[in-house]
Amino acid sequence: MSIQRAVLCYVIKDGKVLMIRGRKKHAPHYQLWNGLGGKYEPEDGGDPTACLKRELWVEGGIAPLRLDRVGTLRVSGLSHDSNWVVDLYRAYGYDGEVLASGQEGDLRWFDTSRPEGIETLPGDQYFLPWVFCGKYFDAELKYESGFFSCFSCTFTSPSAGSHAV
């Protein structure tokens with residue numbers, strides 16, 4: 001089984017979070033809401049900030065002003081051929097106009113005080129409240145045959161990855 005690297009970002013503004021509804025049928029979050037992000041591409045040079053900036057521009061039409069590295073998600077069993085290591089971020093402030101819809105999906109703002117009201121992958125409901133309230137953590141999500149089975153988490157301190165861009 002291969003390991004895929006990706007980034008995921010939750011853009012937070014005025015008590016709301018920007019999320020994208022997956023449009024691609026092969027994506028794990030097809031027809032579900034997720035943070036903006038995606039797989040590392042060769043042009044990113046293995047740099048999570050470069051990957052994140054590219055993904056926020058492509059999916060949302062925005063350039064982040066401040067990134068806050070939340071931690072790492074390790075996801076297994078969600079897709080049949082890959083496990084995922086995901087660098088997780090929050091973004092505060094951005095330049096540009098948020099797209100209503102793009103090639104990757106529709107975008108929408110949600111109230112951060114009600115993560116349970118957002119239709120996401122089941123495992124996301126375990127960590128979203130911590131993302132929205134400013135916690136730092138590393139987490140593992142396990143799926144079996146595509147069904148959520150287990151979540152574990154270790155809280156951490158703010159990382160050196162928090163910075164203005």
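**Core, rings and a helix**

Guide: F127 and F137 are both buried, meaning under 20% relative accessible area with a 1.4 Å probe on protein chains only; over 50% is exposed, and in between is partly exposed. The model is predicted: local features need pLDDT of at least 70, side-chain atom pairs count only at pLDDT 80 or more, and totals for chains, interfaces and linings use all residues. Residues are numbered from 1 along each chain as its sequence is written, and side-chain values use heavy atoms, with hydrogens and water left out.

Visitor: What does F127 touch, beyond its neighbours within four places in sequence?

Guide: F127 is in contact with Y10, L73, L88, F137, L141 and F151. Contact is heavy atoms within 4.5 Å.

Visitor: How many residues are in the largest nonpolar core?

Guide: That core has 27 residues. Those with the most contacts inside it are Y10, L73, L88, F127, F132 and F137. A core here is a set of buried Ala, Val, Leu, Ile, Met, Phe, Trp, Tyr and Cys residues joined through side-chain atoms within 4.5 Å. Another core, of 16 residues, lies apart from it and includes L36, L52, L56 and L107.

Visitor: On to rings. How many aromatic pairs are there?

Guide: A search of the whole structure finds 10. Rings of Phe, Tyr and Trp (its six-membered ring) pair if their centres lie within 6.5 Å; planes under 30 degrees apart are stacked, over 60 edge-to-face, the rest tilted.

Visitor: Why is the Y126 and F151 pair stacked?

Guide: Because the planes are at 25°, with the centres 5.3 Å apart. Y126 is in helix α2 and F151 in strand β9, 25 residues apart. Helices (H or I, at least four residues) and strands (E, at least two) are DSSP runs, numbered from the N terminus.

Visitor: Is Y126 buried or partly exposed?

Guide: Y126 is partly exposed, at 44% relative accessible area. F151 counts as buried at 19%.

Visitor: And why is F127 with F137 tilted?

Guide: The planes are at 45° and the centres 6.3 Å apart, so that pair is tilted. F127 lies in helix α2 and F137 in strand β8, so the pair ties together parts 10 residues apart in sequence.

Visitor: Switching to α1. Which of its residues are buried?

Guide: T49, C51, L52, R54, E55, L56, E59 and G60.

Visitor: What follows α1?

Guide: G61, with a positive phi near 75°.
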